[in-house]
Amino acid sequence: MEEWDLLNVERELTGKTHIRGEKLAPGELHLVVHVCIFNEKGQLLIQKRQKDKEGWPNYWDLSAAGSALKGETSRQAAEREVKEELGMTIDLSNTRAKFSYHFEAGFDDYWFITKDVELSDLTLQTEEVADVRFVAKEELEALRSSDEFIPYFFLNQLFELKNATTIHF
């Protein structure tokens, strides 16, 4: 059973919690995180979601993602998701989320890091992750165009966002 902290529109804790899988009431918001891991060549590590995964099964996705659990900060949730899904330890203590997207059910923080990773060193969470690979911008665009990648609104700008200090959508 996964439990989430609920937030208000100001992104403040409400003191209430939510059980994953139950319907959120109007005005109840939660925190989601995504991590984009780039290697020194500028390629993005992507993962393929399992065919029986709820929401976007069999689609390619960003490096790691998930909901923050009760008591977790955005940074802690991002580090945990990378560890769970990829078996890799990252330290985000000297960085901050690149941007946050406000969606209907909450806030989605996007973390970007550069770290050289050997695919053979990863331990995939088999319940969620079917495969991983590195892609360049053109390969990501091809996956998006062929409807094999989750259609994030900023995908065509993802590689530029990596180095951006100011973000405009």
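Predicted model: local features only at pLDDT ≥ 70, side-chain atom pairs only at ≥ 80, totals over all residues.
Two residues are in contact when heavy atoms of theirs lie within 4.5 Å. Residues are numbered from 1 along each chain as its sequence is written, and side-chain values use heavy atoms, with hydrogens and water left out.

The chain contains three helices and nine strands, where helices (H or I, at least four residues) and strands (E, at least two) are DSSP runs numbered from the N terminus. Along the sequence, these elements follow the pattern β-β-β-β-β-β-α-β-β-β-α-α. The radius of gyration, taken over C-alpha atoms, is compared with a globule rule of 2.2 Å times the number of residues to the power 0.38. For 169 residues, a compact globule would have a value near 15 Å, and the 16 Å of the chain agrees with this. The C-alpha trace spans about 45 × 35 × 30 Å along its principal axes. Of the contacts between residues at least 6 apart in sequence, 59% join residues at least 24 apart.

Residues are classed by relative accessible area as buried (under 20%), exposed (over 50%) or partly exposed (in between), with a 1.4 Å probe and protein chains only. Buried residues account for 44% of the 169 residues.

Ile37 is located in strand S3 and counts as buried because its relative accessibility is 0%. Beyond residues up to four places away in sequence, Ile37 touches several others, including Leu44, Val82, Ile113 and Phe134. Ile37 and Phe134 are 97 residues apart along the chain, yet their C-alpha atoms are separated by 9.4 Å.

Asn39 is placed in the loop between S3 and S4. With a relative accessibility of 6%, Asn39 therefore also counts as buried. The C-alpha atoms of Asn39 and Trp56, 17 residues apart along the chain, are separated by 25 Å.

A pocket is an open set of points on a 1 Å grid over the protein atoms alone, where a 1.4 Å probe fits, with protein on both sides within 12 Å along at least five of seven lines; lining residues have an atom within 4 Å of a point. The largest pocket holds about 1,200 Å³ of space. Among its 46 lining residues, those closest to its centre are Trp4, Arg20, His30, Val32 and Ser67.

How values were computed: Points joined across faces, edges and corners; volume = space filled by probe spheres on them.
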